[in-house]
Amino acid sequence: MSQQEVRVRFAPSPTGPLHIGGVRTALYNYIFARQNGGKMILRIEDTDSQRFVPGAEDYINEALAWLGIGIDEGVREGGPYGPYKQSERRDIYREHVKMLLDAGKAYIAFDTPQELEAKRAEVPNFQYDASTRMSMRNSLTLPAEEVERLIADGEKYVVRFKVEPGRLVEVDDLLRDKVHIKSDILDDKVLYKSADDLPTYHLANIVDDHLMKISHVIRGEEWLPSAPLHVLLYEAFGWADTMPRFVHLPLLLKPDGKGKLSKRDGDRLGFPVFPLQWTDPKTGAVSAGYRESGYLPEAVVNFLALLGWNPGDDSELMSMDELIAKFDFRHCSRSGAKFAFEKGKWFNHEYLQTVPDDELCRMFIPVLRENSVDTDAFSPEYIARAAAMVKSRINFVNDLWTNARFFFVAPTEYEAKSVKKRWTPGMPAIMEELIGVLEQLPSFKSADAEPVVLKWIADREYHLGNVMNAFRLAVVGECKGPHMFDITELLGRDETIARIRRAIERIPAPAAE
């Protein structure tokens, strides 16, 4: 193929939500295009009218946009090679079907489903190919006049590609080098169906790739068996010199066991397999999405990029720009990649640590409202500081509520084990003393309050661990959380003291030993 602009395409079918494996394919296409100064095309392959699902196309566009996978040409963006939806390209496909028929590279077949089923029952491992086509009802075996009459009478037919036996078909794959397949094992694939006046995937895919000047076809390994047919079709049309380079990516595999990753694996192990939440328009069933589960798009991109590819060094955390700079198909695995969903959580945790506090506040506010917190009662600065104090402990934004709840809702219950261990006889009286110390502090800032309180504990010869844990229990409701004096600084003097008083009132006084 002569040197040309890099043009890649992601071509999903709108038959449901976009699977995470498809997202990875789109991502690799995008990275490769950007690395080479090329174009990323989104083509909607909706020739299977029986499987079309309302809302799926919008879902695809929204998912790619959320992940930062930019589209240069497509249904929404337009472009010089449209339409970019296959159902709108019927005239183009009809023209190319005629080209193949006129050249004797394809033929018309009238075999009914019943006739085909009967032949399968009669011939073991039946395949419609060079060895069987002459025993079937098609334009190769019927007189031309009868073919014309059947078409005129409205009889349903398909157009099949005429695969010649005895060829060694070479597929040039950037990941797998040169793959050779004997044409004898290929069947005469259906290219067009008169019933819905639409081509099948095989014809539409080839015609569109050629007319849209696609330079590289980067797709999943599951499409490798169809590659020899596509090579033969390019040759049949006389387009061999513009054939794209192929890249067949390794499959995403189950986290445990064998086989391809499926939605059932996600349901079973508790992780999403779709980028966005999906509601089935027929059943109303809701499937989890990475966005709604609290993942950051940057984390999902980084996680997916490393499933089946490595940068050739120890790098793990990489921005989109860094991925574009480092990407190389020579570092892609040829075998499937296990979907290590726990690693995805790790990536999300790491990316959350880099989120600025004001942005974390914006993300946290909806979570607070979902938990009936009046966010107008707290300043953005307060919310941001609370989130920042606990973000090292979280994997998802929703985890902020679990870890920072006490900043917004005073405890009304106290963790039983901590009460038993820390609320020792005499502790209520010590907490009363602590209130007096806190009331007299000239400054409630963490750096100022901490040495004064610690000196008071030492001077009184109290047990440091018991007093500080009881202090934390009274204010937080349990013996964990960020630095205690950072907590009290944010809560303020009045709220801190009020919480200690409430704990004294509500926690049953321990029996003296």
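1. In this predicted model, helix α17 passes helix α19 in a right-handed crossing. Helix α17 spans residues 446–459 and helix α19 spans residues 484–491. Their axes lie 9 Å apart and meet at an angle of about 125°. The two helices are therefore oblique to each other, since an angle between 115 and 145 degrees is neither roughly perpendicular nor roughly antiparallel.

2. The contact between these helices involves Ser446, Ala449, Glu450 and Val453 on the α17 side. On the α19 side, Phe485, Asp486 and Glu489 take part.

3. Turning to aromatic residues, a search of the whole structure gives 26 aromatic pairs. One of interest joins phenylalanine 32 and phenylalanine 329: the ring centres are 5.3 Å apart and the planes stand at 45°, so the pair is tilted.

4. The positions of these two residues deserve attention. Phenylalanine 32 belongs to helix α1 (residues 20–35), while phenylalanine 329 is in the loop between α10 (320–326) and β14 (337–338). The pair therefore ties together parts that are 297 residues apart in sequence. Both phenylalanine 32 and phenylalanine 329 are buried.

5. A further group of rings should be noted. Phe271, Phe303, Phe339, Phe341, Trp346 and Phe347 make up one aromatic cluster. Tryptophan 346, a member of this cluster, also has lysine 343 over its face, at 4.2 Å from the ring centre.

6. A charged group is likewise placed over a ring at tyrosine 128. Here the charged end of arginine 160 sits over the tyrosine ring, 3.9 Å from its centre.

Key
Residues numbered from 1 in each chain as written. Predicted model: local features only at pLDDT ≥ 70, side-chain atom pairs only at ≥ 80, totals over all residues. Heavy atoms only, no water. Phe/Tyr/Trp six-rings, centres within 6.5 Å; stacked < 30°, edge-to-face > 60°. Helix = DSSP H or I, 4+ residues; strand = E, 2+ residues; numbered from the N terminus. Buried < 20%, exposed > 50% of the residue type's maximum accessible area, 1.4 Å probe, protein only. Lys NZ or Arg CZ within 6 Å of the ring centre and 35° of its normal. Axes fitted to C-alpha atoms, helices over the stretch in contact; angles between N-to-C directions. Parallel < 35°, antiparallel > 145°, perpendicular 65-115°, else oblique. Left-handed = near helix turned anticlockwise from the far one by under 90°. Contact = heavy atoms within 4.5 Å.
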